[in-house]
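Student: I am new to this structure and would like a close look at a single part of it. Please take me through the place where the two chains meet, and what lies around it.

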Amino acid sequence: MDAIRTEQLTKKYDLGWRKGKLLALEKLNLRVREGEVYGLLGPNGSGKSTTLKLVLDLVVPTEGSAWIFDVPCSKVVSRLHVGFLPENPYFYRYLTGAETLEFYGKLCGMRGATLKKRIEELLDLVGLTRARHRRLAGYSKGMLQRIGLAQALIHDPKLLLLDEPTAGVDPIGSKDIRDLILRLKGMGKTVLLSSHLLAQVQDICDRIGVLNRGQMILEGDVQTLISDQRRLSITVQDLPEAARARVEEAVRATGASIVSVGHPQTTLEALFLEALRKDQRREGEHD
Amino acid sequence: MTESAIAAPSMSRERVGFSAHRVSVIAVNTLTEAVRQKVFILFLLIGLVFIALAVFFAQFTFGEQMKFIKDTCLGVISVITTLIAIVGTAQLLPSEVENRTIYTILAKPVRRFEFLLGKFCGSLLLLLLSMAAMCILFAAVLWIKEQGMIRELSQSYVGESPAAHVEAQKQIEQIQTEVLDVELVKALVADLAKATLIASVTLLVSTFSTSLVFNVVVPFMVYVVGMLRGTAAEMWGAHRLFMAVLAVFPDFGLFSIADEINLGKVVPWGHIGQIVTYGVARTLVIVVAAHLVFSRREI
Ligand SMILES: Nc1ncnc2c1ncn2[C@@H]1O[C@H](COP(=O)(O)OP(=O)(O)OP(=O)(O)O)[C@@H](O)[C@H]1O
Ligand SMILES: [Mg+2]
């Protein structure tokens, strides 16, 4: 059973009187298998958010159909085990963080002590415990993203649809969210996320699909897609200069050619995370 | 998050029916939001100030004073509830769509009808709450007036003949019956039915328009036309087409029983029952119409 399946899913937005229609998504056949993390990639306006909204029946398809765990998306039941984080989430400004989670929990039919406990768990999980009694009007963008994530997880859904989950979140938070996604995967959840931060997607997705102007132009297993089978890189530490010449010679002797030799650079992100890790003051204060 | 929660339940057998609980959760949330926004507190405050001011009108005879207070207070309550009904409902759906809060709600197993109904009920809760606040103050004003008048009366008859005492006692009793006037309750009930109806009209308009000004002005115009409907029908009743157009507008004039009450007429409960039935029936039809528009709408 696929977690999500779409057939010939097409969406044309009506632009209004005499302005015609905009083809946002064209004949998408998507399959997200149960238990995998699927990344929907693509430039701005390529139809990623539209796909997620179609799957949730927030917009009605012009053609084609979609299923969640084999239940047609047009049925309310299909959303019973789904958590959704919209892009740039925006909630009721006058509710506090805890009240927001309570509201969404009740909508999912939760109540009483179970709900209370779950709210505590989630506030802790997304690092908003200290901001729980503040109204969302005073939350920063990253904090809204976190409460959005908590809201999506409130009823412990089997499938998560995350629209740019790390947008607006600082590198630590972004790493936290990616770790969380991997943990969810470990628990057997299915995740469909959209993003255009390719480097981040690479670490967490099992499979990706690339959309461009509403069409799927590339799809496949991340590891096979990005690994270059003809090339091999070996990273060594503390190699003396004299030894290096011998290594290069040995390589050439086999008939292979050396494409590049140099010092690997650390990523700016790794550097940033390392610096923050060293700065003890920052520990546990990012809520 | 336990492993058991992940074990796939067979989804084909699960159902999500209409849930009054979800409606009430959305309604309470809507009320909380409205109360915390404080805009309505302003309307309410204006109403409360006017009602409280009525205490200080002290000219005329006792009977006239009572009539004046009732007249003013019922008028103020009617205006403020109408305002709150229109302004409080006009932005409910558009702001949900604009802020995209609706996405997170409808992404949960929530029916669109539950959402619409929840929003509408939240608006009605706000109406009830503000009406209750104004009624409490209205009652307090009447009570203060009553006590004042009784004190004045008993003082003016001190040392007079027993016959005068009997006369004073009669007047006091009359004031007391004036204060405990069921007719007032009838007027308030009719008023609530009217406000509910106008709120539903606003809800319907806001399902297809996102402009706040439009959503306030159109229901207001519907209200005015509905108020004048009776009069217009008397004047141009001959034109059939005209009558057909008029029939679309709810007859808001029907709810204005405060005038009759002030003329000292007794409105039978049966009539109130008819008015309320008319209001509720019209409201239901309009809410269903709003649902039909809203369920087909792209959000
Ligand atoms: N409600 C709407 N009405 C009209 N056009 C829309 C609407 N929503 C989206 N579109 C159009 O559909 C296309 C796809 O939009 P979509 O939001 O799915 O892109 P996206 O891939 O999520 O982009 P981004 O990376 O910027 O979030 C865009 O050209 C957009 O302008
Ligand atoms: Mg998007």
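Tutor: Buried area is the accessible area, taken with a 1.4 Å probe, that two parts lose on being put together, summed over both. The model is a predicted one. In it, chain B and chain A bury about 4000 Å² between them, and 62% of that area is on carbon and sulfur atoms. Counted by residues, 37 of chain B are in contact with 48 of chain A.

Next come the polar links. Between chain B and chain A, eight residue pairs are in polar contact, both residues being at pLDDT 80 or more. The side of chain B that touches chain A draws at least two residues from each of α1 (3-6), α2 (20-37), α6 (101-106) and α7 (112-156) of chain B. Of these helices, α2(B) gives the largest share, nine residues. Sorted by class, this side of chain B holds 16 nonpolar, 13 charged and eight polar residues. Two salt bridges are found across the interface. In a salt bridge between Arg36(B) and Glu99(A), the closest N and O atoms are 2.9 Å apart.

On chain A, consider helix α2(A). Eight of its eleven residues are buried, which leaves the helix mostly covered. The buried ones are Gly97(A), Ala98(A), Thr100(A), Leu101(A), Phe103(A), Tyr104(A), Gly105(A) and Leu107(A). Their cover comes from both chains: it includes α3 (112-125) and α4 (141-153) of chain A, together with α2 and α6 of chain B. Just after α2(A), Gly109(A) has a positive phi of about 85°.

The magnesium ion, ligand 2, is coordinated by OE of Glu87(A) and OG of Ser49(A), at 2.0 to 2.5 Å.

Key: Residues are numbered from 1 along each chain as its sequence is written. Chains are lettered from A and ligands numbered from 1 in the order in which they are written. This is a predicted model: local features need pLDDT of at least 70, side-chain atom pairs count only at pLDDT 80 or more; totals for chains, interfaces and linings use all residues. Side-chain values use heavy atoms; hydrogens and water are left out. Donors are N, O and S atoms within 2.8 Å of the metal (3.2 Å for Na, K and Ca); water is not among the atoms, so sites may look incomplete. Contact means heavy atoms within 4.5 Å. A salt bridge is a side-chain nitrogen of Lys or Arg within 4 Å of a carboxyl oxygen of Asp or Glu. A polar contact is a pair of N or O atoms within 3.5 Å; within protein, one must be able to donate a hydrogen and the other to accept it, and residues adjacent in sequence count only if both atoms are side-chain atoms. Helices (H or I, at least four residues) and strands (E, at least two) are DSSP runs, numbered from the N terminus. Ala, Val, Leu, Ile, Met, Phe, Trp, Tyr, Cys and Pro count as nonpolar, Asp, Glu, Lys and Arg as charged, and the others, Gly among them, as polar. Buried means under 20% relative accessible area, exposed over 50%, partly exposed in between (1.4 Å probe, protein chains only).
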